[in-house]
Amino acid sequence: MESSLPLHDLIDLLTEQKKTGTLEATFMLQQRAFRGRCIAQVQMKEGIIQSCLLSNQELGMKIEGQQALNLLYQLRQEITWTLGFGSAESREPTPFDRSENKNAPLSASFAPRKVRNLTLEESLMLSRKNINVFQLIDGKRSIWKIAQLRNLRSEEAEAILHDLRNHGLVE
């Protein structure tokens, strides 16, 4: 199956449907240092991005993990993605590692969940934006969806989530 939806929308849809499988695309990149024929692959498991790989075989270059996903999100050209869901996973690109580094970049499809509720003191210390985002965290909504619902840029939503994680409120 193929789709020309923007990657954010496509991943949001696959996250909501809790899909497991692979998104793949081959396209010509006309911008950046990665110029030329590129191959992109995004692995998902139960709606959560597990890994991402972007390679340019002509230049012998590859980018993996969150850096590759960020670059793909920023592309302004239409890319046709092949969806291989319900099938065996083909390759094993670099997984995202958020285990120890609380400031590691978060995938847009990452669905944060609350660890505990806010105390009265915390609700007085946090900004209204942080509290509004915290209220939407349910373990199912992706960062991308929360940003859309609160009319925030992805970077702004990620910064708020990092702050909430540093306060020990979400994971």
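Residues are classed as buried under 20% relative accessible area, exposed over 50% and partly exposed in between (1.4 Å probe, protein chains only). By this criterion Cys52 is buried, at 0% relative accessibility, and Cys38 is likewise buried, at 0%. A search of the whole structure for disulfides (pairs of cysteine sulfur atoms within 2.5 Å) returned 0.

The structure is a predicted model, in which local features need pLDDT of at least 70 and side-chain atom pairs count only at pLDDT 80 or more, whereas totals for chains, interfaces and linings use all residues. Residues are numbered from 1 along each chain as its sequence is written, and side-chain values use heavy atoms, with hydrogens and water left out.

Helices (H or I, at least four residues) and strands (E, at least two) are DSSP runs, numbered from the N terminus. Helix 1 spans residues 7–16 and is largely enclosed by the rest of the structure, because 7 of its 10 residues are buried. The buried positions of helix 1 are Leu7, His8, Leu10, Ile11, Asp12, Leu14 and Thr15. Lys18, which follows helix 1, has a positive phi, near 50°.

In soluble globular proteins, nonpolar side chains tend to be buried together. A nonpolar core is defined here as a set of buried Ala, Val, Leu, Ile, Met, Phe, Trp, Tyr and Cys residues joined through side-chain atoms within 4.5 Å. The largest such core contains 26 residues, of which Ile11, Leu23, Phe27, Leu54, Leu72 and Trp81 touch the most other members. At least two residues of this core come from each of helix 1, strand 2 (21–29), strand 3 (36–45), strand 4 (48–56), helix 2 (65–74) and strand 6 (81–85). The greatest contribution to this core, 5 residues, is made by helix 2. When residues up to four places away in sequence are not counted, the contacts of Leu54 (heavy atoms within 4.5 Å) include Phe27, Phe34, Cys38, Met61, Lys62, Leu71 and Leu72. A second, separate core comprises 17 residues, among them Phe110, Ile131, Leu136 and Ala157.

Ser123 lies in helix 3 (residues 120–125). With a relative accessibility of 27%, Ser123 is partly exposed. Apart from its neighbours within four places in sequence, Ser123 is in contact with Leu118 and Ile131, and Ile131 is also listed among the residues of the second core.

Salt bridges were assigned where a side-chain nitrogen of Lys or Arg is within 4 Å of a carboxyl oxygen of Asp or Glu. The whole structure contains 6 salt bridges. One of them pairs Glu156 with Lys129, at an N to O distance of 2.3 Å. This pair links distant parts of the chain, 27 residues apart, with Glu156 in helix 6 (residues 154–166) and Lys129 in helix 4 (residues 128–136). Lys129 is partly exposed, at 41% relative accessibility. Glu156 also forms a salt bridge with Arg153, with an N to O distance of 3.9 Å. Arg153 is exposed, its relative accessible area being 54%. Through shared partners, these salt bridges join Lys129, Arg153 and Glu156 into one network.

A further salt bridge is formed between Lys62 and Glu64, whose closest N and O atoms are 3.6 Å apart. Within this pair, Lys62 is exposed, with a relative accessible area of 56%, whereas Glu64 is partly exposed, at 31% relative accessibility. Lys62 is also one of the residues touched by Leu54.
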